[in-house]
Amino acid sequence: MPRQPLSISTAPFLHAADTTPRIMWEVVYTLLPVWAAAVYYFGLSAILVSLAATAGCLITEKWFAQESRNSLLDGSALITGLLLGLTLPPGFPLWMAFLGGVVAIGMGKVIWGGLGQNVFNPALVGRAFLQAAFPTAITTWEAPSGQYWQVRGTNLALPFYQGQPIDAVTAATPLSQMKFSHEPTAFVDLLLGNTSGSLGETCGALILAAGVYLLARKIINWRIPAGMLGAVALFSGILYLIDPVSYPSPWFMLFAGGLLLGAVYMATDLVTSPLTPRGLWIYSIGIGLLVVLIRVWGGLPEGVMYAILLMNAATPLINRYTRTKIYGHR
Amino acid sequence: MSRLTGNGNELLTFQHGVHPHDYKELSNQCAIERLPFPDTLTLPLAQHIGAPSKPIVRKGQRVRRGEKIAEAAGFVSVALHSPVDGEVEAIGLFDHPNGQMQQSIRIRTDRFSAQQIAGGQVPDPTTLDRKGFIGALQEAGIVGLGGAAFPSHVKFNLPDDKPCRYLMLNGCECEPFLTCDHRVMLEYAGELLDGLAILQSFVEAEEIYIAIENNKPDAIETLRRAAATSPLPIQVVGLQTKYPQGAEKMMITAILGQEVPSGKLPIDLGVLVANVGTVVAISQYFRQSQPLIERVITVTGTAVGRPTNLLVPIGASMQEVVDYCGGITDDAARILLGGPMMGVVQKTLDIPVVKGTSGILVLTENEVRDLTTYHCIRCGRCLDACPLFLNPARLGLLAKRGQWEAMEELNVLDCFECAACSYVCPSAIPLVQSFRVAKGIIREKRARAKTAN
């Protein structure tokens, strides 16, 4: 007879290999090449900004998370930190990046009850806070410099320092160039990321590759990038056909700014996207339409963040009102 | 018409479902062995869905192998027979695999009990009308051997306005580990086709399908060859290996492309489904006068000394069965009746094998260790797993809050507890377990509302 008493629990006794931490860590691994590309283009500054944002996330998670287990081990706070870092400009002051991380986890996740309980994408909550609190710093872009070891002076700005940034060589992003002076950027530069912008807004090709992997592993739902990119392409394509002079081409819309990062990593956040197939279509197409709306007619050059946050807000409602078509009832 | 086109070699399936490792390799090469008669057998009166049988023997009475010891108590009930020559030692309460004490007949086996059947007169099926056939099945104690143990004569008693168009034999055996149906198809192919022919002569289906998952290519091959010599309109259909392919609804949908409407039975689509073992039992009754007194079960799992497919007399104690199969190892931690997905955990081996027992599975501590649970991360994998297209994530959330009415509204009562949702859940949330609870509460509320009116 067995040494330990036979105990009772209920079937099933087989389980698929994927667990929640394993899924989260796999997302972290796919983010590393994207992050490496940011380092390639922006040098040491990229590393520092990412580290600051990530540190803010991890420390907040460690101190405030309610779970009895060590919730750092599930990898989700690390994803938030890395993603937040990728949405920031390379010359962003480090203390602000850190504060963004604190807000991302604190306001974006912990107060909702931790992993799985939040309504808004935590990284975008952090970025929205930074956009509201530091509108100048977060829109001060620099061209990729090629000087890896140079730390941008603005990185080390002290809290609430009011003077001019010390040695910033600013450059307009492709989106603001388009919006404010109607100058498109060469497509190959957009694809390879050889443009100014946030850390992760640049290398479209790598983000797409990571997206393909995540889709193949079924970690993200294909309907989200499909609906989002499809809606952007279609909506902006129609505008482009109507007036190719005032409106940007759909190719430009797809590859400029944070759309790809949003479509692969932000909108696909499992927790804050809907459950049902129909709900996912409503959500992703809604994001695509909002992106074009904000970019073309809004006051800001970029609209991915607000588009996703708005549809995040709609997700509980979408979940409630989209039903699956049940077997035997169809 | 089935969805088969062309040469009929393509694999059919349903939408959604999961792909657990099937672990069939432990026992699928093991030819069926016969368990020697145990010293005592404990035969519960309730081994089937419906009213428990009524004993017609008394303590101390001598019984023969195949002799009726309890009779059907109403239409949804079947007779019970002694699997051995012996003496009735007791009629009273004994442990039942359902976890309760149940009225049972305990028989002490004669030391020289033989394999010879000493049953009553079995009618020639060609002389029977449909009513006589139904009565004979009830008298033979035959129930569905797939696991539910629903009396076969009730299922085959077709209403006049619902003719059987498609007769389907279920040889999917989609539960991992279990191989008894597989071995029955290989070793009892003749009886299987004979029982099928007897059944067909009464239900007169237009088309007959034998459905087998493609992880049993030898069974597909064997039955195709056997069916080729049969005058019946039989097609042996290969189905994709996918859980829960053997669930009645999923099998029907795979073959016909139609869904069984909620709350209806397969016969509403003109479909009659029987387990492969059940038709073998029909043949054995009419040709060998052997009522349902033994069945093939799979004794398997990494914690079993020698995984085996075993022909076991009904009522044999699981302890004796497991001992015959090399006993269980020191690290055994869970004993299940049935497979790992839908099986029921037992706290003791001191219970009898009953007509609905398809397997005994013993797992080690390593295999059953509890996974850490997390909050639902709304990944939606359960929605892609559920063969009924329910929304387990939402139902799980509602269950946590005790919102039973909302769950009823989302059709939780349709759930047949295949556990595919719990299998895929990365947060290890006990989804199917909470649905079982919810279904119980909802049914109880309905019953109470009914009596209040």
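Reader: How many residues of domain 1 of chain A are in contact with domain 2 of chain A?
Author: In this predicted model, 34 residues of domain 1 of chain A are in contact with 31 residues of domain 2 of chain A. Contact means that the C-beta atoms, placed from the backbone, lie within 7 Å. Local features need pLDDT of at least 70, side-chain atom pairs count only at pLDDT 80 or more, and totals for chains, interfaces and linings use all residues. Residues are numbered from 1 along each chain as its sequence is written, while chains are lettered from A and ligands numbered from 1 in the order in which they are written.

Reader: New topic: is β13 of chain B buried or exposed?
Author: 7 of the 7 residues of β13(B), residues 294-300, are buried, so this strand is largely enclosed by the rest of the structure. Buried means that 20 or more other C-beta atoms, placed from the backbone, lie within 10 Å of the residue's own.

Reader: And which strands does β13(B) pair with?
Author: β14(B) runs antiparallel to β13(B), joined by 6 bridges, and B:T298 stands opposite B:N309 there. β17(B) pairs with β13(B) in the parallel sense over 3 bridges, with B:V299 opposite B:I360. Pairing takes at least two DSSP bridges between two strands.

How values were computed: Two residues are in contact if their C-beta atoms, placed from the backbone, lie within 7 Å. A residue is buried if 20 or more other C-beta atoms lie within 10 Å of its own, exposed if 12 or fewer, and partly exposed in between; C-beta atoms are placed from the backbone. Helices (H or I, at least four residues) and strands (E, at least two) are DSSP runs, numbered from the N terminus.
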